[in-house]
Amino acid sequence: MTTTYTITACPVCNSSAAVELASRETMREELESLWSFHTRRLRPDTPLRHLNDRVVFSQQPPLRLVRCSACGTVYRNPRERP
């Protein structure tokens, strides 16, 4: 299944003015840092059933995070479409 993205306005106040907090590159670096952190902490004898909360994420990482200039809400933009 392919993920489709769409540029959106603020989901709270519908303003289209926003400030970028984290770019795609910043988000990629954050994810790599997170994986590195978890890799360092894993013990080789840890049962796989105990790793779900460390290795399974419910959503794909955001491509970009922004903060609404009008109300301050932080959201993904572009946002994934169902």
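Colleague: Why is glutamate 32 called partly exposed?

Modeller: The class follows from relative accessible area: buried is under 20%, exposed is over 50%, and partly exposed is in between, with a 1.4 Å probe and protein chains only. Glutamate 32 has 45% relative accessibility, so the residue falls into the middle class.

Colleague: What sort of model do these values come from?

Modeller: This is a predicted model, in which local features need pLDDT of at least 70 and side-chain atom pairs count only at pLDDT 80 or more, while totals for chains, interfaces and linings use all residues. Residues are numbered from 1 along each chain as its sequence is written, and side-chain values use heavy atoms, with hydrogens and water left out.

Colleague: What makes the contact of glutamate 32 and arginine 28 a salt bridge?

Modeller: A salt bridge requires a side-chain nitrogen of Lys or Arg within 4 Å of a carboxyl oxygen of Asp or Glu. For glutamate 32 and arginine 28 the N to O distance is 2.5 Å, so the pair meets the rule.

Colleague: Why are glutamate 32 and arginine 28 said to be separated by about one helical turn?

Modeller: The two are four residues apart in helix H1, and that spacing corresponds to about one turn. H1 spans residues 24-41; a helix here is a DSSP run of H or I with at least four residues, a strand is a run of E with at least two, and both are numbered from the N terminus.

Colleague: Which residues are linked with Arg28 in a network of salt bridges?

Modeller: Glu25 and Glu32 are the residues linked with Arg28. Glutamate 25 also lies in H1, three residues from arginine 28, and their closest N and O atoms are 2.4 Å apart. Glutamate 25, at 37%, is partly exposed, and so is arginine 28, at 39%.

Colleague: How many salt bridges does the structure hold?

Modeller: The count is five. One of them joins arginine 76 to glutamate 80, with 2.5 Å between the closest N and O atoms.

Colleague: Is arginine 76 buried or exposed?

Modeller: Buried: its relative accessible area is 17%, which is under the 20% limit.

Colleague: What order do the strands of the open sheet have?

Modeller: The order of the three strands is S2-S3-S4, with antiparallel pairing. S2 and S4 are called edge strands, as each pairs on one side only. Neighbouring strands are turned by 40° against each other on average, direction ignored.

Colleague: What makes S2 and S3 a pair?

Modeller: Two strands pair if DSSP finds at least two bridges between them. S2 and S3 have four, so they qualify; valine 19 has arginine 67 of S3 as its bridge partner. S3 and S4 have three bridges, so they qualify too. There, leucine 65 stands opposite arginine 76 in S4. The hairpin of S3 and S4 has five residues between the strands, and in this hairpin glycine 72 takes a positive phi near 90°.

Colleague: Which residues form the covered face of strand S3?

Modeller: Val66 and Cys68 do, while Leu65 and Arg67 form the uncovered face.

Colleague: Why does asparagine 14 count as exposed?

Modeller: Its relative accessibility is 59%, which is over the 50% limit. Asparagine 14 lies in the loop between strand S1 (4-6) and strand S2 (18-22). Although asparagine 14 is not a glycine, its phi is positive, about 70°.

Colleague: Where is the cis peptide bond?

Modeller: The cis bond joins asparagine 77 and proline 78, with omega about 15°. Proline 78 is in the loop between strand S4 (74-76) and strand S5 (79-81).

Technical notes. Axes fitted to C-alpha atoms, helices over the stretch in contact; angles between N-to-C directions.
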